[in-house]
Amino acid sequence: MADQQQQFYILLGNLMSPDNNVRKQAEETYDTILGQNKVTFLLQAIRDASAAEEVKQMGAVLLRRLLSSSFEEIYPGLTLEMQTVIKTELLTSIQQETSPNIRKKVCDIAAELTRNLIDDDGNNQWPEVLKFLFDSVNSDSVTLRESALHIFWNFPGIFGNQQQHYMEVIKRMLVQCMQDQENPHIRTLAARAAASFVLSNESNSALLKHFSDLLPGLLQAVNDSCYQSDDSVLKSLVEIADTAPKYLRPNLEATLQLCLKLCADTNLTNMQRQLALEVIVTLSETAAAMLRKHTAIVAQSVPQMLAMMVDLEEDDEWAMADELEDDDFDSNAVAGESALDRIACGLGGKIILPMIKQHIMQMLQNPDWKFRHAGLMALSAIGEGCHQQMEAILQEIVSFVLLFCSDAHPRVRYAACNAIGQMATDFAPTFQKKFHDKVISALLQTMEDQSNPRVQAHAAAALINFTEDCPKSLLIPYLDSLVQHLHVIMVAKLQELIQKGTKLVLEQVVTSIASVADTAEEKFVPYYDLFMPSLKHIVENGVQKELRLLRGKTIECISLIGLAVGKEKFMPDASAVMQLLLKTQTDFNDLEDDDPQISYMISAWARMCKILGKEFQQYLPVVMGPLMKTASIKPEVALLDTQDMENISEDDGWEFVNLGDQQSFGIKTAGLEEKATACQMLVCYAKELKEGFVEYTEQVVKLMVPLLKFYFHDGVRVAAAESMPLLLECARVRGPEYLTQMWHFMCDALIKAIGTEPDSDVLSEIMHSFAKCIELMGDGCLNNEHFEELGGILKGKLEEHFKNQELRQTKRQDEDYDEEVEESLQDEDENDVYILTKVSDVLHSVFSSYKEKVLPWFEQLLQLIVQLICPTRPWADRQWGLCIFDDVVEHCSPASFKYAEYFLRPMLQSLCDTSSEVRQAAAYGVGVMAQYGGETYRPFCTEAIPLLVRVIQAADSRAKENVNATENCISAVGKVMRFRPECVNVNEILPHWLSWLPLNEDKEEAVHTFDFLCDLIESNNPIVLGLDNANLPKIFLIIADGVANESIKSEDACSKRLANVVRQVQVSAGLWTQCVSTLNETQQKAIKDLLNTA
């Protein structure tokens, strides 16, 4: 055994070897040792006084990891004796170990073991550890007190179901240690342990209240530890602000004052000052309403953020730099700017803008460039949060910012471009509409700053932001001037690239050209030949590694110009461009994974597909390989505990989510955006190529279905959902059997995703796609299990909808409730209603596919839908509840009548509702009753007519907010006359109905009314045609308006019938002249178009 132990020590040494091969070999050997043996060897290593410190340390780390990751596999299989040995040895080691570092690591093992020894009922299966805690905390030995606090900090849930029983003891223990005047280290540890305990009980408000008197001591410890170069307690305070902000309420003033003091103290490190600021900023996000009551302190924190933003270095090389290094996230300037952005979003512009406006104005007048730079960057930062308030004074802000485009200092000019670019995005399209002339000329002028490439490039970047959101009609007048400027700069910078190898400005200008073309569309055709040769030249010749980004952006530019100018203009170059792309593509396998060209290439292919349409199919074999490879990227993930976290920083491209209980989930974000882009492009191919994509449907569906659960990136899940109905459409060509197989492969996963998706935007996409799939597959596509699961999920969504409304009502009673809280509650409400619309979509697809067969299944949801249409519910609930019953009537009649007692009265009463959306849903319901309901609905059609007429004849019935509801009422009256003439005096109503036509807004209902109009004209209805055809001019007017408003489309069957009516009149010259003479020019053209197309 001793010999084996020696070998194990050598193995531990090799696991720490700097030589990769030795280490890899050792890891493989370590993995082959049986779990139970590992425990024995590792414990022996930790307890061996003669072993080297680093060997013991490595042993401790590995034992903790083993218990953390494989407890269930190993520990229960050990003999009882061995389990007892482990427990005893750990506690003995803590008492005897002389090295503080090893002792701390053994405490971590003890905490990890206890965490796993709390059973499902909350019993701690290791009572000795609790006794050890109590004894140690009361011991005279400082090291034992430290150890006890360390274990409690690491696992504050150690008392399990006895916590309530020991509450006073826990509190006394923490208070006593936080007051230890002789040992600052104990005070710090106790404060961290107290914070950890509060965090692990964040939702227990009674406990938080009970422990609120520990907060002053905790704040004292934050202060003291910071001045001993330890920011661990301050980090705990940030966590409390993030997770349990209400805990701070009784001492909020003191908390904020302390953070303000630390933030302002330049003797502290930047990191500590930024953490102190982080507490305030985090509270603005997690407890905005609470913080808004302390505006005086918030107002004092704003100058601190601005002061950090002034903390910039002089750098003579700055303006000429050709590589943009990433922002230094540890710098005060970046931290200050980010804090300002977040606090403005958190607390809102009403509070922040008045606080900051004067400061910014003063900074912009400061002779020191750093202040002017910071003032402009601050304006950029607050745009999103102060949107409403800044929009009111945009004129004044923009005029002021534009002055700085010609500031003496290049970095101030850069900041001015930054502010313009940011405002162009934040305030689009108002910004573009109001300031296009000034902004475009200022940016073009700044782009001519040849001696400062960084400024030039940033002006070009701001121009991109401006044109991206600029309405086409506004940009066209400047097109000539924009294009000339961009061309001159591009030519000059191409020369520079060839002579000096500089590329920064060229990278941006190429994208500016793309953005202008993208907005100008076909108006860019005259300039096409000016740019295309140079752009092709860059792609052909810019093959060096340092030109990868330029080449990628140029590929993007070419494809965007192609898309803008259209197939006809682009076609002569298309095959040359495709060859260039294919060449890059064939070298694709040599590209490194992080090559920026990859994502540009992938997007460019999709644009080429849009331009070439079906002709693109021939390139699929080359394109799909790399695209599938990128879409299949698997991110690196890791489950880490707090100890491991200390060795990894977020700068290495890792992002972390805190899972609580001292554990974090890490993911390496490299490649995630590329993966999302690639998935989006697969969607694009399926949409554009349809049956041309059928060869690839199987491999794509196998990739996409599991991605519905890819929780690391919303965009990937959205693309996966969007792809499903499109892939089914592509697969149709292969026949019903292949189609059904594919549907079976995706159906389960789609239903499950509706049940588990956490993000409401993604959820609505998944539900929308599921509904489209059902419409596509039709009757029989769901089996009993599917129905059962779907019913349960939809029921859950509806119940959650009501529960969320109640929760919002509760929040309205909260002591911190104010109008900003109301705004965010309204947003939540809109989100909820959006999900309700998707529930309605899914039910619509089920009803329209299965008809009345599905009604027994629907009954489990019936009472919830009835609840939606209660008169006391918000209008959106009533609207969507009625829409669901409309579907029941439309698709499941006459059987639907058995539910009439639940919805008929509310539906008729809703015809006169104050909400136009509710009126519209009710009117549509009357129309489908007449059309599909059957005999039993007759009396209700009769009863509805006067109510419908009253809505139509109301004074403001054609106002913008009412017009859709009114048109549905007109259509419903038409349907009753057409399908249930016995319910109404048709001769009396018909002249009125004719006077209400045409319908211009609701295109679907317009088709119904025109169909009925054709019936009436073709049967020579005397009321419609009038005496001696006197009404024909009026009918012409209705038809002309319908065509002009695109309410009649050439593919609609009724357009042929209407054209025939017009042709019959054409035969009689006098009548024709009479009819046409009343029409204006647009209407006459519409009649001509109708005759030509139908």
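I take buried to mean under 20% relative accessible area, exposed over 50%, and partly exposed in between, with a 1.4 Å probe and protein chains only.

**Basis.** I note that this is a predicted model, in which local features need pLDDT of at least 70, side-chain atom pairs count only at pLDDT 80 or more, and totals for chains, interfaces and linings use all residues. Residues are numbered from 1 along each chain as its sequence is written, and side-chain values use heavy atoms, with hydrogens and water left out.

**Aspartate 573.** I looked up this residue in helix α31 (residues 567-586); helices (H or I, at least four residues) and strands (E, at least two) are DSSP runs, numbered from the N terminus. Aspartate 573 counts as buried because its relative accessibility is 15%. I set aside residues up to four places away in sequence and found that aspartate 573 touches Tyr528, Met532 and Lys536, contact meaning heavy atoms within 4.5 Å.

**Glutamine 358.** I placed this residue in helix α19 (residues 349-364). Glutamine 358 has 51% relative accessibility and therefore counts as exposed.

**Helix α12.** I checked the length of this helix, residues 215-226. The expected span is 1.5 Å times one less than the number of residues. I list as buried in α12 Leu215, Leu218, Leu219, Ala221, Val222, Asn223, Ser225 and Cys226. Their cover includes α9 (163-178), α10 (184-200), α13 (232-243), α14 (252-264) and α15 (270-286).

**Helices α18 and α20.** I found that the axes of α18 (residues 332-347) and α20 (residues 369-382) come within 8 Å and cross at roughly 35°. Axes are lines fitted to C-alpha atoms, for helices over the stretch in contact, and angles run from 0 to 180 degrees between N-to-C directions. I record the crossing as right-handed, meaning that the near helix is turned clockwise from the far one by less than a right angle. Glu337, Leu340, Asp341 and Ala344 of α18 meet Met377, Ala378, Ala381 and Ile382 of α20.

**Cysteines.** I found 0 disulfides in the structure, a disulfide being a pair of cysteine sulfur atoms within 2.5 Å. The closest cysteine sulfur to that of cysteine 177 belongs to cysteine 107 and is 14 Å away, too far for a bond. Cysteine 177 counts as buried, at 2% relative accessibility. Cysteine 609 is in no disulfide either, with the nearest cysteine sulfur, that of cysteine 684, 5.2 Å away. I note that cysteine 609 is buried, with a relative accessible area of 0%.
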